[in-house]
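Thanks for coming. Please have the sequence and the model open while I go through a few local features.

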Amino acid sequence: MRSDEMKLGMQRAAARSLLKSTGLSQSDIERPWIGVVNFFTEVVPGHVHLQSIARAAKEGVFLGGGQPFEFNTIAVCDGIAQGTDGMKYSLPSRDLAVETIEIMVQAHKFDGMVLIPACDKTVPAALMACARLNIPSIIVTGGPMLPGIYGDRELSLVEMREFIGKAHDGKISEEELHRIESIACPSAGSCSMMATANTMGAITEALGMSMPGCATTHAVVAEKRRIARRSGEVVMRLLEDEISPRDIMTAQSLRNAVRVDMALGGSLNSVLHSMAIAEELEIDEFDLRSLDEAAKETPQLCSLKPAGDDSVLKLDQAGGIPAVMNKLARAKLIDTNAITVTGKTVGENLESFHYPKTGDEIIRSFENPVRKEGSIAVLFGSLAPNGAVIKQAALPKDMMEYEGPAQVFGCLEDALNSLWDGEVESGTIMVVRYEGPKGGPGMREQHSIASLISGLEKEIVLVTDGRFSGSSRGAAIGHVAPEAADGGPIGIVEDGDMISYSVPERRLTLELDNDQIEERFDEFSPQPQEIRSRRSVLNRYRELVSSADRGAIYGGER
(Lines give C-alpha, C1' and ligand atoms only; values in the text may rest on other atoms or scores of the structure.)
Protein backbone atom coordinates (compact mmCIF):
# COMPACT_ATOMS: atom_id res chain seq x y z
CA MET A 1 0.00 0.00 0.00
CA ARG A 2 1.10 3.57 -0.67
CA SER A 3 0.42 4.46 2.95
CA ASP A 4 2.97 1.90 4.18
CA GLU A 5 5.65 4.49 3.45
CA MET A 6 4.07 6.74 6.07
CA LYS A 7 3.40 4.25 8.85
CA LEU A 8 5.62 1.13 8.81
CA GLY A 9 8.90 0.60 10.58
CA MET A 10 10.83 2.07 13.49
CA GLN A 11 11.66 5.22 11.55
CA ARG A 12 7.95 6.11 11.29
CA ALA A 13 7.32 5.99 15.05
CA ALA A 14 7.04 9.79 15.26
CA ALA A 15 4.47 9.82 12.44
CA ARG A 16 2.46 7.10 14.19
CA SER A 17 2.61 9.09 17.42
CA LEU A 18 1.10 12.10 15.66
CA LEU A 19 -1.63 9.94 14.17
CA LYS A 20 -2.45 8.48 17.59
CA SER A 21 -2.78 12.03 18.93
CA THR A 22 -5.85 12.36 16.68
CA GLY A 23 -7.51 9.43 18.49
CA LEU A 24 -6.52 6.64 16.10
CA SER A 25 -5.53 3.23 17.44
CA GLN A 26 -2.71 1.06 16.12
CA SER A 27 -5.22 -1.13 14.28
CA ASP A 28 -6.82 1.96 12.69
CA ILE A 29 -3.41 3.09 11.42
CA GLU A 30 -2.71 -0.33 9.93
CA ARG A 31 -5.81 -0.16 7.71
CA PRO A 32 -5.58 1.22 4.13
CA TRP A 33 -5.84 5.02 4.17
CA ILE A 34 -8.71 6.52 2.20
CA GLY A 35 -8.92 10.27 1.61
CA VAL A 36 -12.51 11.49 1.83
CA VAL A 37 -12.46 14.69 -0.23
CA ASN A 38 -15.34 16.86 0.95
CA PHE A 39 -16.25 20.02 -0.98
CA PHE A 40 -18.48 21.17 1.91
CA THR A 41 -19.03 24.89 2.37
CA GLU A 42 -21.83 26.88 3.99
CA VAL A 43 -22.10 29.43 1.16
CA VAL A 44 -22.95 27.02 -1.69
CA PRO A 45 -26.53 25.62 -1.60
CA GLY A 46 -25.44 22.46 -3.36
CA HIS A 47 -22.83 21.80 -0.68
CA VAL A 48 -24.44 22.68 2.65
CA HIS A 49 -25.48 19.05 3.21
CA LEU A 50 -22.23 17.35 2.23
CA GLN A 51 -21.12 16.72 5.81
CA SER A 52 -23.86 14.10 6.23
CA ILE A 53 -22.87 12.46 2.94
CA ALA A 54 -19.22 12.42 4.01
CA ARG A 55 -20.19 10.75 7.33
CA ALA A 56 -22.01 8.02 5.44
CA ALA A 57 -19.07 7.54 3.05
CA LYS A 58 -16.65 7.24 6.00
CA GLU A 59 -18.89 4.63 7.61
CA GLY A 60 -18.72 2.64 4.37
CA VAL A 61 -14.93 2.92 4.18
CA PHE A 62 -14.56 1.69 7.76
CA LEU A 63 -17.03 -1.17 7.20
CA GLY A 64 -15.00 -2.14 4.14
CA GLY A 65 -11.78 -2.31 6.14
CA GLY A 66 -10.28 1.11 5.48
CA GLN A 67 -9.40 4.11 7.61
CA PRO A 68 -11.08 7.28 6.29
CA PHE A 69 -9.40 10.67 6.54
CA GLU A 70 -11.72 13.54 5.64
CA PHE A 71 -10.37 16.82 4.30
CA ASN A 72 -11.97 19.78 2.57
CA THR A 73 -11.29 21.78 -0.56
CA ILE A 74 -12.82 24.87 -2.15
CA ALA A 75 -16.12 25.46 -3.94
CA VAL A 76 -17.60 28.57 -5.59
CA CYS A 77 -21.33 29.14 -6.13
CA ASP A 78 -21.63 30.35 -9.71
CA GLY A 79 -25.22 31.41 -9.10
CA ILE A 80 -24.24 33.79 -6.32
CA ALA A 81 -21.10 35.08 -8.09
CA GLN A 82 -23.02 35.51 -11.37
CA GLY A 83 -22.62 38.89 -13.08
CA THR A 84 -19.83 40.13 -10.77
CA ASP A 85 -16.04 40.11 -10.57
CA GLY A 86 -16.45 37.08 -8.33
CA MET A 87 -17.23 34.97 -11.39
CA LYS A 88 -13.63 35.46 -12.58
CA TYR A 89 -12.60 33.09 -9.79
CA SER A 90 -15.06 30.31 -10.59
CA LEU A 91 -13.26 28.48 -13.40
CA PRO A 92 -9.83 28.94 -11.77
CA SER A 93 -11.31 27.31 -8.66
CA ARG A 94 -11.72 24.07 -10.64
CA ASP A 95 -8.02 23.71 -11.30
CA LEU A 96 -7.00 25.04 -7.91
CA ALA A 97 -9.21 22.40 -6.27
CA VAL A 98 -7.44 19.72 -8.33
CA GLU A 99 -4.11 21.01 -7.01
CA THR A 100 -5.28 21.05 -3.38
CA ILE A 101 -6.45 17.45 -3.72
CA GLU A 102 -3.15 16.44 -5.29
CA ILE A 103 -1.23 18.12 -2.44
CA MET A 104 -3.25 16.41 0.31
CA VAL A 105 -3.25 12.96 -1.30
CA GLN A 106 0.41 12.94 -2.26
CA ALA A 107 1.63 14.50 0.98
CA HIS A 108 -0.12 11.82 3.05
CA LYS A 109 0.13 8.90 0.60
CA PHE A 110 -3.54 7.98 0.70
CA ASP A 111 -4.28 4.61 -0.89
CA GLY A 112 -7.64 5.64 -2.37
CA MET A 113 -10.23 8.40 -2.47
CA VAL A 114 -13.93 9.03 -2.05
CA LEU A 115 -14.69 12.45 -3.53
CA ILE A 116 -17.87 14.36 -2.63
CA PRO A 117 -18.50 17.29 -5.00
CA ALA A 118 -21.82 18.77 -6.08
CA CYS A 119 -21.84 22.05 -8.00
CA ASP A 120 -20.43 23.30 -11.26
CA LYS A 121 -16.61 23.32 -11.03
CA THR A 122 -16.30 20.81 -8.23
CA VAL A 123 -17.48 17.75 -10.18
CA PRO A 124 -15.01 18.20 -13.06
CA ALA A 125 -12.34 19.01 -10.44
CA ALA A 126 -13.02 15.66 -8.79
CA LEU A 127 -12.80 13.83 -12.13
CA MET A 128 -9.60 15.67 -13.07
CA ALA A 129 -8.03 14.84 -9.70
CA CYS A 130 -8.93 11.17 -10.18
CA ALA A 131 -7.32 11.22 -13.62
CA ARG A 132 -4.17 12.94 -12.36
CA LEU A 133 -3.58 10.85 -9.22
CA ASN A 134 -4.88 7.54 -10.61
CA ILE A 135 -5.41 5.78 -7.28
CA PRO A 136 -8.58 3.72 -6.63
CA SER A 137 -11.36 6.30 -6.38
CA ILE A 138 -15.12 6.78 -6.46
CA ILE A 139 -17.22 9.95 -6.69
CA VAL A 140 -20.45 10.64 -4.79
CA THR A 141 -22.13 13.69 -6.30
CA GLY A 142 -24.20 15.73 -3.84
CA GLY A 143 -27.44 15.49 -5.77
CA PRO A 144 -30.03 17.90 -7.19
CA MET A 145 -32.20 20.40 -5.32
CA LEU A 146 -35.96 19.85 -5.26
CA PRO A 147 -37.88 22.09 -7.70
CA GLY A 148 -39.71 25.13 -6.34
CA ILE A 149 -43.51 25.19 -6.69
CA TYR A 150 -45.24 28.40 -7.70
CA GLY A 151 -48.93 27.92 -8.39
CA ASP A 152 -49.02 24.98 -10.79
CA ARG A 153 -45.46 25.56 -12.06
CA GLU A 154 -42.21 23.87 -11.14
CA LEU A 155 -39.49 26.51 -10.78
CA SER A 156 -35.73 26.43 -11.02
CA LEU A 157 -33.10 29.16 -10.88
CA VAL A 158 -33.48 29.88 -14.59
CA GLU A 159 -37.09 31.06 -14.15
CA MET A 160 -35.99 33.08 -11.13
CA ARG A 161 -33.53 35.03 -13.27
CA GLU A 162 -36.04 35.56 -16.04
CA PHE A 163 -38.55 36.97 -13.53
CA ILE A 164 -35.98 39.74 -12.94
CA GLY A 165 -36.38 40.82 -16.58
CA LYS A 166 -40.18 40.68 -16.22
CA ALA A 167 -40.01 42.88 -13.10
CA HIS A 168 -37.75 45.31 -14.96
CA ASP A 169 -40.36 45.59 -17.73
CA GLY A 170 -43.22 45.98 -15.22
CA LYS A 171 -44.83 42.65 -16.11
CA ILE A 172 -44.72 41.56 -12.47
CA SER A 173 -44.39 43.65 -9.31
CA GLU A 174 -41.27 43.83 -7.16
CA GLU A 175 -43.34 42.36 -4.33
CA GLU A 176 -44.17 39.31 -6.44
CA LEU A 177 -40.50 38.98 -7.39
CA HIS A 178 -39.60 38.80 -3.69
CA ARG A 179 -42.26 36.11 -3.12
CA ILE A 180 -40.87 34.03 -5.98
CA GLU A 181 -37.25 34.32 -4.78
CA SER A 182 -38.29 32.75 -1.46
CA ILE A 183 -39.70 29.60 -3.08
CA ALA A 184 -37.72 29.04 -6.29
CA CYS A 185 -34.87 27.22 -4.52
CA PRO A 186 -36.53 25.25 -1.68
CA SER A 187 -33.81 22.84 -0.51
CA ALA A 188 -30.14 21.93 -0.42
CA GLY A 189 -28.72 20.53 -3.64
CA SER A 190 -27.49 21.59 -7.05
CA CYS A 191 -29.97 23.73 -9.02
CA SER A 192 -32.98 21.66 -10.07
CA MET A 193 -32.34 21.58 -13.81
CA MET A 194 -29.95 19.98 -16.29
CA ALA A 195 -27.46 22.82 -15.87
CA THR A 196 -23.73 22.34 -15.36
CA ALA A 197 -23.77 20.66 -11.93
CA ASN A 198 -26.31 17.98 -12.83
CA THR A 199 -24.87 17.54 -16.32
CA MET A 200 -21.45 16.85 -14.82
CA GLY A 201 -23.07 14.49 -12.30
CA ALA A 202 -24.60 12.62 -15.23
CA ILE A 203 -21.25 12.57 -17.04
CA THR A 204 -19.58 11.18 -13.90
CA GLU A 205 -22.09 8.34 -13.76
CA ALA A 206 -21.86 7.71 -17.52
CA LEU A 207 -18.06 7.59 -17.26
CA GLY A 208 -18.44 4.85 -14.68
CA MET A 209 -16.95 6.88 -11.81
CA SER A 210 -20.04 6.87 -9.56
CA MET A 211 -22.61 4.27 -8.57
CA PRO A 212 -25.59 3.67 -10.89
CA GLY A 213 -28.40 6.07 -10.00
CA CYS A 214 -26.16 8.47 -8.07
CA ALA A 215 -26.41 11.50 -10.37
CA THR A 216 -30.16 12.10 -10.10
CA THR A 217 -30.73 10.86 -6.54
CA HIS A 218 -31.72 14.10 -4.86
CA ALA A 219 -29.72 15.77 -2.12
CA VAL A 220 -32.35 15.55 0.60
CA VAL A 221 -33.48 11.93 0.22
CA ALA A 222 -32.19 9.06 2.37
CA GLU A 223 -31.06 7.06 -0.66
CA LYS A 224 -28.26 9.60 -1.23
CA ARG A 225 -26.71 8.61 2.13
CA ARG A 226 -27.12 4.92 1.32
CA ILE A 227 -25.30 5.47 -1.98
CA ALA A 228 -22.52 7.27 -0.10
CA ARG A 229 -22.17 4.39 2.36
CA ARG A 230 -22.06 1.81 -0.43
CA SER A 231 -19.50 3.96 -2.26
CA GLY A 232 -17.24 3.88 0.80
CA GLU A 233 -17.37 0.10 0.76
CA VAL A 234 -16.90 -0.05 -3.02
CA VAL A 235 -13.66 1.98 -2.95
CA MET A 236 -12.16 -0.74 -0.75
CA ARG A 237 -13.02 -3.35 -3.38
CA LEU A 238 -11.47 -1.14 -6.06
CA LEU A 239 -8.30 -1.02 -3.97
CA GLU A 240 -8.31 -4.80 -3.51
CA ASP A 241 -8.90 -5.41 -7.23
CA GLU A 242 -6.36 -2.74 -8.25
CA ILE A 243 -8.88 -0.85 -10.42
CA SER A 244 -7.84 2.77 -10.91
CA PRO A 245 -9.53 5.75 -12.60
CA ARG A 246 -7.56 5.41 -15.83
CA ASP A 247 -8.86 1.86 -16.14
CA ILE A 248 -12.37 3.33 -16.06
CA MET A 249 -12.01 6.74 -17.74
CA THR A 250 -10.91 5.85 -21.26
CA ALA A 251 -11.58 7.21 -24.74
CA GLN A 252 -14.56 4.85 -25.03
CA SER A 253 -16.08 5.90 -21.70
CA LEU A 254 -15.58 9.58 -22.60
CA ARG A 255 -17.53 8.98 -25.81
CA ASN A 256 -20.24 7.24 -23.76
CA ALA A 257 -20.44 10.27 -21.48
CA VAL A 258 -20.71 12.71 -24.39
CA ARG A 259 -23.57 10.73 -25.91
CA VAL A 260 -25.42 10.69 -22.58
CA ASP A 261 -24.85 14.45 -22.30
CA MET A 262 -26.28 14.99 -25.79
CA ALA A 263 -29.30 12.78 -25.11
CA LEU A 264 -30.05 14.71 -21.91
CA GLY A 265 -29.76 18.19 -23.42
CA GLY A 266 -26.92 19.04 -21.05
CA SER A 267 -24.93 22.17 -20.27
CA LEU A 268 -22.56 23.93 -22.68
CA ASN A 269 -19.97 23.93 -19.89
CA SER A 270 -19.73 20.16 -20.21
CA VAL A 271 -17.77 20.70 -23.43
CA LEU A 272 -15.13 22.75 -21.62
CA HIS A 273 -14.88 20.27 -18.75
CA SER A 274 -14.84 17.21 -21.02
CA MET A 275 -11.89 18.70 -22.89
CA ALA A 276 -10.12 19.34 -19.57
CA ILE A 277 -10.72 15.75 -18.40
CA ALA A 278 -9.37 14.44 -21.72
CA GLU A 279 -6.27 16.62 -21.24
CA GLU A 280 -5.69 15.17 -17.76
CA LEU A 281 -6.13 11.66 -19.16
CA GLU A 282 -3.82 12.51 -22.11
CA ILE A 283 -6.37 11.24 -24.65
CA ASP A 284 -5.34 13.01 -27.84
CA GLU A 285 -8.11 11.65 -30.07
CA PHE A 286 -10.83 13.40 -28.06
CA ASP A 287 -11.32 16.96 -29.32
CA LEU A 288 -14.09 19.38 -30.34
CA ARG A 289 -14.55 17.79 -33.76
CA SER A 290 -14.91 14.28 -32.35
CA LEU A 291 -17.34 15.61 -29.74
CA ASP A 292 -19.41 17.25 -32.47
CA GLU A 293 -19.47 14.02 -34.48
CA ALA A 294 -20.88 12.21 -31.45
CA ALA A 295 -23.48 14.97 -31.08
CA LYS A 296 -24.59 14.59 -34.70
CA GLU A 297 -25.09 10.83 -34.23
CA THR A 298 -26.98 11.02 -30.92
CA PRO A 299 -30.60 12.16 -30.71
CA GLN A 300 -31.75 14.34 -27.84
CA LEU A 301 -34.19 12.23 -25.84
CA CYS A 302 -35.01 14.51 -22.90
CA SER A 303 -36.55 17.98 -22.67
CA LEU A 304 -35.25 19.07 -19.28
CA LYS A 305 -35.03 22.52 -17.77
CA PRO A 306 -33.56 24.98 -18.66
CA ALA A 307 -34.08 24.18 -22.36
CA GLY A 308 -37.30 22.23 -21.78
CA ASP A 309 -40.07 21.92 -19.20
CA ASP A 310 -39.18 18.80 -17.19
CA SER A 311 -37.31 18.85 -13.87
CA VAL A 312 -34.43 16.59 -12.88
CA LEU A 313 -36.81 15.09 -10.31
CA LYS A 314 -38.96 13.76 -13.14
CA LEU A 315 -35.86 12.33 -14.83
CA ASP A 316 -34.95 10.54 -11.59
CA GLN A 317 -38.47 9.12 -11.30
CA ALA A 318 -38.16 7.86 -14.90
CA GLY A 319 -35.01 5.88 -14.09
CA GLY A 320 -32.30 8.54 -14.22
CA ILE A 321 -29.04 8.08 -16.10
CA PRO A 322 -29.25 4.25 -16.30
CA ALA A 323 -32.57 4.56 -18.15
CA VAL A 324 -31.03 6.99 -20.64
CA MET A 325 -27.96 4.78 -21.09
CA ASN A 326 -30.17 1.72 -21.56
CA LYS A 327 -31.93 3.34 -24.50
CA LEU A 328 -28.60 4.42 -26.01
CA ALA A 329 -27.20 0.92 -25.49
CA ARG A 330 -30.14 -0.68 -27.30
CA ALA A 331 -29.37 1.61 -30.24
CA LYS A 332 -25.69 0.59 -30.01
CA LEU A 333 -24.63 4.20 -29.38
CA ILE A 334 -22.59 3.48 -26.27
CA ASP A 335 -19.89 0.91 -25.52
CA THR A 336 -21.35 -1.47 -22.93
CA ASN A 337 -17.98 -3.19 -22.35
CA ALA A 338 -16.52 -0.19 -20.51
CA ILE A 339 -15.58 -1.00 -16.91
CA THR A 340 -17.09 0.99 -14.00
CA VAL A 341 -16.46 1.53 -10.26
CA THR A 342 -18.78 -1.38 -9.49
CA GLY A 343 -16.14 -3.67 -11.02
CA LYS A 344 -18.75 -4.59 -13.62
CA THR A 345 -19.17 -3.34 -17.17
CA VAL A 346 -21.71 -0.75 -18.23
CA GLY A 347 -23.76 -3.52 -19.81
CA GLU A 348 -23.79 -5.59 -16.62
CA ASN A 349 -24.84 -2.58 -14.56
CA LEU A 350 -27.68 -1.81 -16.98
CA GLU A 351 -28.92 -5.42 -16.89
CA SER A 352 -29.19 -5.41 -13.10
CA PHE A 353 -30.73 -1.92 -12.65
CA HIS A 354 -34.39 -1.68 -11.60
CA TYR A 355 -36.26 0.45 -14.16
CA PRO A 356 -39.64 2.12 -13.56
CA LYS A 357 -42.50 0.83 -15.68
CA THR A 358 -43.21 4.30 -17.06
CA GLY A 359 -41.00 7.11 -18.22
CA ASP A 360 -41.20 7.31 -22.02
CA GLU A 361 -42.74 10.77 -21.80
CA ILE A 362 -39.58 11.99 -19.96
CA ILE A 363 -36.98 9.87 -21.78
CA ARG A 364 -38.31 9.62 -25.28
CA SER A 365 -37.94 6.81 -27.77
CA PHE A 366 -35.65 6.97 -30.79
CA GLU A 367 -38.78 7.11 -32.93
CA ASN A 368 -39.96 10.28 -31.17
CA PRO A 369 -36.87 12.24 -30.05
CA VAL A 370 -36.85 15.85 -28.95
CA ARG A 371 -34.48 16.42 -31.87
CA LYS A 372 -32.60 14.10 -34.20
CA GLU A 373 -29.22 15.50 -33.16
CA GLY A 374 -27.70 16.03 -29.73
CA SER A 375 -28.20 19.18 -27.74
CA ILE A 376 -24.85 20.88 -28.45
CA ALA A 377 -23.21 21.90 -31.71
CA VAL A 378 -19.65 23.04 -32.40
CA LEU A 379 -19.23 25.85 -34.91
CA PHE A 380 -16.11 26.75 -36.88
CA GLY A 381 -15.34 29.57 -39.29
CA SER A 382 -13.61 32.90 -39.77
CA LEU A 383 -14.83 34.18 -36.40
CA ALA A 384 -13.91 30.96 -34.56
CA PRO A 385 -11.07 29.10 -36.35
CA ASN A 386 -10.57 26.80 -33.35
CA GLY A 387 -14.25 26.43 -32.58
CA ALA A 388 -17.20 27.83 -30.65
CA VAL A 389 -20.17 26.11 -29.03
CA ILE A 390 -23.93 26.63 -29.03
CA LYS A 391 -26.69 24.78 -27.23
CA GLN A 392 -29.10 24.10 -30.04
CA ALA A 393 -31.46 22.47 -27.54
CA ALA A 394 -32.08 25.94 -26.09
CA LEU A 395 -32.25 27.70 -29.46
CA PRO A 396 -35.57 28.85 -31.01
CA LYS A 397 -36.22 26.89 -34.21
CA ASP A 398 -36.33 30.05 -36.31
CA MET A 399 -32.82 31.02 -35.14
CA MET A 400 -30.89 27.94 -36.27
CA GLU A 401 -29.41 30.28 -38.87
CA TYR A 402 -29.00 34.03 -38.46
CA GLU A 403 -27.22 37.12 -39.74
CA GLY A 404 -27.06 40.53 -38.14
CA PRO A 405 -24.92 43.58 -37.33
CA ALA A 406 -22.45 43.43 -34.46
CA GLN A 407 -22.54 45.62 -31.37
CA VAL A 408 -19.22 45.16 -29.59
CA PHE A 409 -18.48 45.25 -25.85
CA GLY A 410 -15.18 44.84 -24.02
CA CYS A 411 -16.60 43.26 -20.87
CA LEU A 412 -19.73 41.79 -19.33
CA GLU A 413 -20.62 44.91 -17.31
CA ASP A 414 -20.67 47.22 -20.35
CA ALA A 415 -22.86 44.79 -22.27
CA LEU A 416 -25.26 44.25 -19.37
CA ASN A 417 -25.63 47.98 -18.67
CA SER A 418 -26.34 48.77 -22.33
CA LEU A 419 -28.94 46.02 -22.49
CA TRP A 420 -30.55 47.13 -19.23
CA ASP A 421 -30.70 50.74 -20.46
CA GLY A 422 -32.41 49.75 -23.71
CA GLU A 423 -29.43 50.55 -25.94
CA VAL A 424 -29.42 47.20 -27.80
CA GLU A 425 -31.98 46.77 -30.56
CA SER A 426 -33.68 43.59 -31.72
CA GLY A 427 -31.79 42.01 -34.61
CA THR A 428 -28.40 42.83 -33.08
CA ILE A 429 -25.56 40.36 -32.54
CA MET A 430 -23.94 41.36 -29.24
CA VAL A 431 -20.21 40.56 -29.24
CA VAL A 432 -18.79 40.40 -25.71
CA ARG A 433 -15.03 39.88 -25.79
CA TYR A 434 -12.04 39.81 -23.45
CA GLU A 435 -14.06 37.45 -21.28
CA GLY A 436 -12.08 34.32 -22.22
CA PRO A 437 -9.73 32.33 -19.98
CA LYS A 438 -6.93 34.88 -20.39
CA GLY A 439 -8.89 37.99 -21.29
CA GLY A 440 -11.13 38.16 -18.19
CA PRO A 441 -9.23 36.43 -16.86
CA GLY A 442 -11.24 33.45 -15.66
CA MET A 443 -13.78 33.04 -18.49
CA ARG A 444 -16.81 34.43 -16.70
CA GLU A 445 -20.28 33.18 -17.51
CA GLN A 446 -22.34 35.68 -19.50
CA HIS A 447 -25.57 34.21 -18.18
CA SER A 448 -26.84 37.47 -16.69
CA ILE A 449 -26.87 38.93 -20.21
CA ALA A 450 -28.53 35.85 -21.73
CA SER A 451 -31.19 35.78 -19.00
CA LEU A 452 -31.98 39.46 -19.39
CA ILE A 453 -32.37 38.99 -23.15
CA SER A 454 -34.84 36.16 -22.47
CA GLY A 455 -36.75 38.27 -19.95
CA LEU A 456 -36.90 41.27 -22.30
CA GLU A 457 -38.13 39.00 -25.12
CA LYS A 458 -35.91 40.65 -27.74
CA GLU A 459 -34.41 38.87 -30.76
CA ILE A 460 -30.74 39.32 -29.87
CA VAL A 461 -27.84 36.92 -30.47
CA LEU A 462 -24.97 36.81 -27.99
CA VAL A 463 -21.46 35.82 -29.18
CA THR A 464 -18.57 35.71 -26.69
CA ASP A 465 -15.18 34.24 -25.89
CA GLY A 466 -16.56 33.80 -22.38
CA ARG A 467 -18.89 31.01 -21.41
CA PHE A 468 -22.48 30.52 -20.28
CA SER A 469 -24.23 29.09 -17.29
CA GLY A 470 -25.71 25.66 -17.77
CA SER A 471 -29.05 27.36 -17.20
CA SER A 472 -28.67 29.74 -20.16
CA ARG A 473 -31.02 29.50 -23.10
CA GLY A 474 -31.58 31.39 -26.32
CA ALA A 475 -29.20 32.29 -29.16
CA ALA A 476 -25.95 32.23 -27.20
CA ILE A 477 -22.63 31.24 -28.80
CA GLY A 478 -19.69 30.90 -26.44
CA HIS A 479 -16.13 29.62 -26.01
CA VAL A 480 -15.07 31.41 -29.23
CA ALA A 481 -11.48 30.35 -29.86
CA PRO A 482 -8.95 31.77 -30.17
CA GLU A 483 -10.15 34.36 -27.66
CA ALA A 484 -9.56 38.09 -28.16
CA ALA A 485 -6.71 38.18 -25.63
CA ASP A 486 -4.96 35.43 -27.62
CA GLY A 487 -5.26 37.42 -30.86
CA GLY A 488 -8.41 35.72 -32.13
CA PRO A 489 -10.63 37.23 -34.85
CA ILE A 490 -13.28 38.16 -32.27
CA GLY A 491 -10.82 40.88 -31.23
CA ILE A 492 -11.02 42.69 -34.58
CA VAL A 493 -14.83 42.86 -34.86
CA GLU A 494 -16.19 46.41 -35.10
CA ASP A 495 -19.67 47.83 -34.53
CA GLY A 496 -21.82 47.26 -37.59
CA ASP A 497 -19.83 44.32 -39.00
CA MET A 498 -22.13 41.60 -40.25
CA ILE A 499 -21.87 38.24 -38.51
CA SER A 500 -23.67 35.07 -39.55
CA TYR A 501 -23.98 31.56 -38.19
CA SER A 502 -25.58 28.31 -39.29
CA VAL A 503 -26.04 25.43 -36.89
CA PRO A 504 -26.81 22.90 -39.67
CA GLU A 505 -23.60 23.96 -41.46
CA ARG A 506 -21.66 24.22 -38.16
CA ARG A 507 -20.47 27.69 -39.23
CA LEU A 508 -19.71 31.03 -37.52
CA THR A 509 -18.59 33.74 -39.93
CA LEU A 510 -17.33 37.30 -39.71
CA GLU A 511 -18.55 38.69 -43.04
CA LEU A 512 -15.32 40.40 -44.12
CA ASP A 513 -13.08 39.43 -47.00
CA ASN A 514 -9.56 38.16 -46.36
CA ASP A 515 -7.93 41.50 -47.20
CA GLN A 516 -10.13 43.34 -44.69
CA ILE A 517 -9.36 40.78 -42.01
CA GLU A 518 -5.63 40.96 -42.70
CA GLU A 519 -5.68 44.75 -42.63
CA ARG A 520 -7.40 44.80 -39.23
CA PHE A 521 -5.00 42.28 -37.77
CA ASP A 522 -2.08 44.51 -38.84
CA GLU A 523 -3.47 47.22 -36.55
CA PHE A 524 -4.75 44.94 -33.78
CA SER A 525 -3.35 44.93 -30.24
CA PRO A 526 -5.24 42.81 -27.66
CA GLN A 527 -6.66 44.73 -24.68
CA PRO A 528 -7.42 42.19 -21.94
CA GLN A 529 -9.14 43.33 -18.77
CA GLU A 530 -6.96 44.69 -15.99
CA ILE A 531 -6.30 42.78 -12.78
CA ARG A 532 -6.35 44.98 -9.71
CA SER A 533 -3.56 43.25 -7.80
CA ARG A 534 -0.34 42.03 -9.35
CA ARG A 535 -0.21 39.30 -6.69
CA SER A 536 -3.69 37.98 -7.49
CA VAL A 537 -4.08 34.30 -8.39
CA LEU A 538 -5.68 35.62 -11.58
CA ASN A 539 -2.30 36.84 -12.84
CA ARG A 540 -0.83 33.36 -12.57
CA TYR A 541 -3.96 31.91 -14.15
CA ARG A 542 -3.69 34.29 -17.12
CA GLU A 543 -0.06 33.35 -17.67
CA LEU A 544 -0.60 29.60 -17.56
CA VAL A 545 -4.13 28.79 -18.73
CA SER A 546 -4.75 27.01 -22.02
CA SER A 547 -7.37 27.95 -24.60
CA ALA A 548 -11.04 27.08 -24.20
CA ASP A 549 -10.97 24.51 -27.00
CA ARG A 550 -8.46 22.53 -24.92
CA GLY A 551 -10.45 22.82 -21.70
CA ALA A 552 -8.90 25.99 -20.21
CA ILE A 553 -6.54 23.79 -18.21
CA TYR A 554 -4.63 25.56 -15.48
CA GLY A 555 -0.97 24.99 -16.26
CA GLY A 556 -1.25 25.21 -20.04
CA GLU A 557 -1.50 22.59 -22.75
CA ARG A 558 0.55 19.42 -22.95
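Which residues does Y554 touch, not counting residues up to four places away in sequence? They are D95, E99, R540 and Y541, where contact means heavy atoms within 4.5 Å.

Before I go on, the conditions. This is a predicted model, so local features need pLDDT of at least 70, side-chain atom pairs count only at pLDDT 80 or more, and totals for chains, interfaces and linings use all residues. Residues are numbered from 1 along each chain as its sequence is written, and side-chain values use heavy atoms, with hydrogens and water left out.

Back to Y554. The residue sits in the segment after helix 22 (537-544); helices (H or I, at least four residues) and strands (E, at least two) are DSSP runs, numbered from the N terminus. Y554 has 9% relative accessibility and counts as buried. The cut-offs are under 20% relative accessible area for buried, over 50% for exposed, and partly exposed in between, with a 1.4 Å probe and protein chains only.

A552 is not a glycine, yet its phi is positive, about 50°. Its relative accessible area is 0%, so A552 is buried. Another positive phi, near 60°, belongs to E282, in the loop between helix 14 (269-281) and helix 15. E282 is partly exposed, at 48%.

As background, most residues other than glycine have a negative phi, and most peptide bonds are trans. Here, the peptide bond from K305 to P306 is cis, with omega near 10°, and P306 is in the loop between helix 15 (288-297) and helix 16 (312-317). A481 and P482 are also joined by a cis peptide bond, with omega about 0°. P482 is in the loop between strand 12 (476-481) and strand 13 (498-502).

Next, T216, in the loop between helix 10 (196-207) and helix 11 (222-241). Is T216 buried or exposed? Buried, at 2% relative accessible area. Apart from neighbours within four places in sequence, T216 contacts P144, V312, L315, D316, G320 and I321.

Now a helix pair. The axes of helix 8 (residues 157-168) and helix 9 (residues 174-181) come within 10 Å and cross at roughly 175°. Axes are lines fitted to C-alpha atoms, for helices over the stretch in contact, and angles run from 0 to 180 degrees between N-to-C directions. On the helix 8 side the contact uses M160, F163, I164 and A167, and on the helix 9 side L177, I180 and E181. By class, that contact has six nonpolar, no polar and one charged residues.

The structure holds zero disulfides. C185, at 34% relative accessibility, is partly exposed, and so is C191, at 27%.

Last, the layout. The domain assignment gives domain 1 (1-30), domain 2 (32-145 + 189-352), domain 3 (149-182) and domain 4 (377-550), with bounds from an automatic or database domain assignment. Taken over C-alpha atoms, the centres of domain 1 and domain 4 are 54 Å apart.

Methods:
A disulfide is a pair of cysteine sulfur atoms within 2.5 Å. Ala, Val, Leu, Ile, Met, Phe, Trp, Tyr, Cys and Pro count as nonpolar, Asp, Glu, Lys and Arg as charged, and the others, Gly among them, as polar.
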